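Subject: A structure for you to look at

Hi,

Here is the structure I promised to pass on. Have a look at it first, and then read my notes below.

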Amino acid sequence: MTDKIQCKREKHQSKDDMINLKDNVSRYDDLKFNRRAFLKTAVGATVALGLSTLPFSVKAFLGDFEEERELVEIAKLYDVPKGSSMTFHYPTENDPALLVHTKAGELKAYNSACTHLMCPVFYEKESEVLLCPCHQGYFDLNNGHPIAGPPQRELPLIEIEVQNGIVYAAGRKIRHG
Ligand code: FES
């Protein structure tokens, strides 16, 4: 009788673990085939997940500039002296933005709709931060990161170029969706 069972089991020994798992009669084999099937599934799922997210990883690595680097004139540099700011729209008329000429002489630009509830963000000259007065949200002027209050996401960054005294927008980078 035992030989018969042994024989039947051997008959079902296959290279396919799922077939072996279904047809086996031994507790030991059951554990073995379950473990193999689980490992194969886990490895397969990991590889599939890695491959499916590859395009996003490459995009994040290369930077996330969404527009072509076509230059769009914003202002004449002498119209924005150090310690001042001006509003503009970029990349479309529906995207308000803020250009700041810092006291140290750097040009910074971000879309100015607060990432909390879209109120406009202003340049606060005294402390050199960006302030959203609606709920006292503060952003770092150097990188647009939220530093206080309700906002959790960075302001979209607008790349700036200056040529012959003209300030241009040269692309926009949206961080954290
Ligand atoms: S809308 Fe800016 S902090 Fe709430």
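Let's start with a sheet. Four strands make up an open sheet in the order E5-E6-E7-E8, and their pairing is antiparallel. At the edges sit strand E5 (122–124) and strand E8 (146–148), each of which pairs on one side only. From one strand to the next, the twist averages 40 degrees; for such angles, axes are lines fitted to C-alpha atoms (for helices, over the stretch in contact), and the angles run from 0 to 180 degrees between N-to-C directions.

A few words on terms. Strands (E, at least two residues) and helices (H or I, at least four) are DSSP runs, numbered from the N terminus. Two strands count as paired if DSSP finds at least two bridges between them.

Before you go further, two notes on where this comes from. The model is predicted, so local features need a pLDDT of at least 70 and side-chain atom pairs count only at pLDDT 80 or more, while totals for chains, interfaces and linings use all residues. Residues are numbered from 1 along each chain as its sequence is written, and side-chain values use heavy atoms, with hydrogens and water left out.

Back to the sheet, strand by strand. Strand E6 (residues 129–132) is joined to E7 by 4 bridges, and the two run antiparallel. In that pair, Leu131 stands opposite Tyr138 of E7. E6 and E7 form a hairpin with 4 residues between them, and Gln136 in the turn has a positive phi of about 55 degrees.

On to the next pair: strand E7 (residues 137–140) and E8 are antiparallel too, over 2 bridges. Here Phe139 has Pro146 of E8 as its bridge partner, and Tyr138 stands opposite Ala148 in E8. These two strands also form a hairpin, with 5 residues between them, and Gly144 in its turn has a positive phi of about 80 degrees.

By "buried" I mean under 20% relative accessible area; exposed is over 50%, and partly exposed is in between (1.4 Å probe, protein chains only).

Now zoom out to the whole protein. It has 3 helices and 10 strands, and along the sequence they follow the pattern α-α-α-β-β-β-β-β-β-β-β-β-β. Of its 177 residues, 32% count as buried. The accessible surface comes to about 11600 Å², with 57% of that belonging to carbon and sulfur atoms; these areas come from the Shrake-Rupley method with a 1.4 Å probe, and for residues only the protein chains shown count as cover. If you take contacts (heavy atoms within 4.5 Å) between residues at least 6 apart in sequence, 39% join residues at least 24 apart.

Next, the cysteines. How many disulfides are there? The count comes to 1, where a disulfide is a pair of cysteine sulfur atoms within 2.5 Å. Cys119 and Cys134 form it, with their sulfur atoms 1.9 Å apart. The pair links distant parts of the chain, 15 residues apart: Cys119 is in the loop between strand E4 (107–111) and E5, and Cys134 is in the loop between E6 and E7. The link of Cys119 and Cys134 is left-handed, with -90 degrees about the S-S bond. Cys119 is buried at 17% relative accessible area, while Cys134 is partly exposed at 39%.

Last, the charged side chains. Side chains of opposite charge can pair when their charged atoms come close. The structure holds 3 salt bridges, each being a side-chain nitrogen of Lys or Arg within 4 Å of a carboxyl oxygen of Asp or Glu.

- Arg172 and Asp95 have their closest N and O atoms 3.9 Å apart. This pair links distant parts of the chain, 77 residues apart: Arg172 is in strand E10 (residues 166–173), and Asp95 is in the loop between strand E2 (84–89) and strand E3 (96–101). Both Arg172 and Asp95 are buried.
- Lys76 and Glu73 meet at 3.3 Å, N to O. Lys76 is partly exposed at 31% relative accessible area, and Glu73 is partly exposed at 45%.
- Glu106 pairs with Lys108, the closest N and O atoms being 3.6 Å apart. Glu106 is partly exposed at 40% relative accessibility, whereas Lys108 is buried at 15%.

Happy exploring!
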